[in-house]
Amino acid sequence: MTLFIEQCLNGLQFGLLLFLLAAGLTLVFGIMDLVNLAHGSLYMIGAYFAATFAAWTGSFVLGAVLGLAATLVVGMAVEVIVMRRLYGRDHLDHVLGTFGLILFFDEAVRLIWGPEGLRLPLPRWLNMSVQILPGVQYSAYKLSIIVVTLAAAAFLYVLVMRTRIGMLIRAGASNREMVGALGVNIKLLYTLVFGLGAALAGLAGLMQAPSLTVQIGMGENIIILAFVITVIGGIGSIRGAFVAAILVGFLDTLGRAFFPDLLRMVLSPDAASTAAPALSSMLIYLLMAIVLVARPEGLFPVSRK
Amino acid sequence: MTPSLTVRNVAIVALLAALVLLPLYTGLTGNRFLLTLFTRILILALAATSLNLILGYGGMMSFGHAAYLGIGGYSVGMLAHEGIVSGFVQWPVALGASALFALIVGALSLRTRGVYFIMITLAFAQMAYYVCAGLARYGGDDGLTIYQRSQFVTPIDLSNKTQFYYVCLALLCASIYLVWRLMNSRFGMVIQGSRSNDLRMRAIGFPTYRYRLICFVIAGTLCGLAGALLANHTDFVDPAMMYWTRSGDLIIMVVLGGVASPFGPLIGAVALLVLEEVLSGITEYWQIILGPMLLLVVLFARGGIDGLLQKVRAKGRI
């Protein structure tokens, strides 16, 4: 039972982390109609910046804040230099162009930080476990991820639903030309939205960083998951991304935790232990295929003009 | 219509002549590396040609095309592992398995459009990737070494590098011809019409879903053939053959060469892989040059290299 609660929390934590990535993607998708494969590079860059700044300043929090700011700046620069020219193009052009960006970022990181990868050590106050329920201990670090991502999600909700900028973002998602015609500085709005998405990806990257080595290519695996989530949720829908992210987080974590045992009932222990990790990674894609076959526009389709 | 003497046609004929004569050159100089590199280029060009059929002509942007490379390759690898080395069994199985997978993926994916189609094809390719990574009997993540290449009747010996090169070249040329004939047939017109305006095609009375599905299956089958060749070329198969970045590579080849152009994928494959070789000879950090180059092609050279060659013709005939 304890294990189950712990795994559920892990699932929640992973799902929320994926939501940060997917939210940026779905915003950019929904508003600029841009397929950005290089979103994972921003996730990687956020982690690298945070690890570097944390090592310089000696403070985890300061490193995280500076890393976040730096990722925001990089994101806005990428938008101004490259992405702006891709809007209105074919999705094929987006895929190819941002694939080129991935190559560029991976190699730039290798050039600057070297091929080894970095570590972002946890501060002492996060590197312990806390009692969340009587008899149930949980890592303070993972708990902090849940708290921070929930706060980020709440911030996003307030920003998009309750502020003037959010109103413009929503308006831009439903009818771009009209928003531009009404005198809104669409270019600036796009840069802000892209920067916001980049910052969210960077936040996800730097929070994930302590639990794994900060390395080149770390964005490539997770970005596909983020895409799966945006598609399951319905492209452009932040609410859909949230629901789908939690769903995928749970499915992945619980699948990895309990699927091998289920598999052992039908297969020999040997075969089960080798096949299980691969097959449980497959579950998410299976979910996506089922969702898309049943609802080709995702769970929360965004109606367009 | 007789082919005219344009820069583009001259370039294509020169490229084909160079490809035909390459083994002579490598035979004289003993440069085995070049032959191996170009065999690989031909195989990937075949895969890109098959992708061009759906992506270029059909407007179906599959982001999971590398799955068929993997399925074709694994069919050969798994049969060889079980002691069945006859190419007359291996290759039909490779083609059949790819066709079946394409039929299932296509039947489900073609219900969706746009980005959803990109992502669902990607999802199926990732599933294939994880299934192969989970095949403990066939090496799982580490892949599977093939100890004996596909066996055909006596004069054909795939272990002979020059012969294998010519087999690949012949199959590539046959595929390009097939794609060209197919796309100039009634079937191809329906496919291209459906790319431009699917609604109108259906209104005229074409069941475009069926046409597109058949096109998708043909492309998958052709790519499965490329997979069988690739397995024979590297004597090794592993799940990385169908990772999503490999599908990305294939898309790059098609777009770099020129979408919906019969020779585009070949030009793209040659350009990309030769560029990779050249750049990696110059600097260890070659991708930092390649990435922005791709971006520039997207931004400024629409229609890819083939498009550029055609523009030369438009400016001045020779």
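Mentor: With the elements of chain A, which has eleven helices and two strands. Helices (H or I, at least four residues) and strands (E, at least two) are DSSP runs, numbered from the N terminus. This is a predicted model, in which local features need pLDDT of at least 70 and side-chain atom pairs count only at pLDDT 80 or more, while totals for chains, interfaces and linings use all residues. Residues are numbered from 1 along each chain as its sequence is written, and chains are lettered from A and ligands numbered from 1 in the order in which they are written.

Trainee: Which pattern does chain A follow along the sequence?

Mentor: The pattern is α-α-α-α-β-β-α-α-α-α-α-α-α.

Trainee: How do S1(A) and S2(A) pair?

Mentor: Two strands pair if DSSP finds at least two bridges between them. Here strand S1 (residues 129–133) and strand S2 (residues 136–139) of chain A are antiparallel, with four bridges. Gln131(A) stands opposite Gln137(A) in S2(A). The two strands form a hairpin with two residues between them, and Gly135(A) in the turn has a positive phi of about 85 degrees.

Trainee: Why is chain A called as compact as a globular protein of that length?

Mentor: The radius of gyration is taken over C-alpha atoms, and the globule rule is 2.2 Å times the number of residues to the power 0.38. For chain A the radius of gyration is 20 Å, close to the 19 Å from the rule for 305 residues, so the chain is as compact as a globular protein of that length.

Trainee: Which residues have the most contacts inside the largest nonpolar core?

Mentor: A nonpolar core is a set of buried Ala, Val, Leu, Ile, Met, Phe, Trp, Tyr and Cys residues joined through C-beta atoms within 7 Å. A residue is buried if 20 or more other C-beta atoms lie within 10 Å of its own, with C-beta atoms placed from the backbone. The largest core has 206 residues, and Leu18(A), Val228(A) and Ile229(A) have the most contacts inside it. H5(B) gives the largest share of this core, 17 residues.

Conventions
Buried ≥ 20, exposed ≤ 12 C-beta atoms within 10 Å, placed from the backbone.
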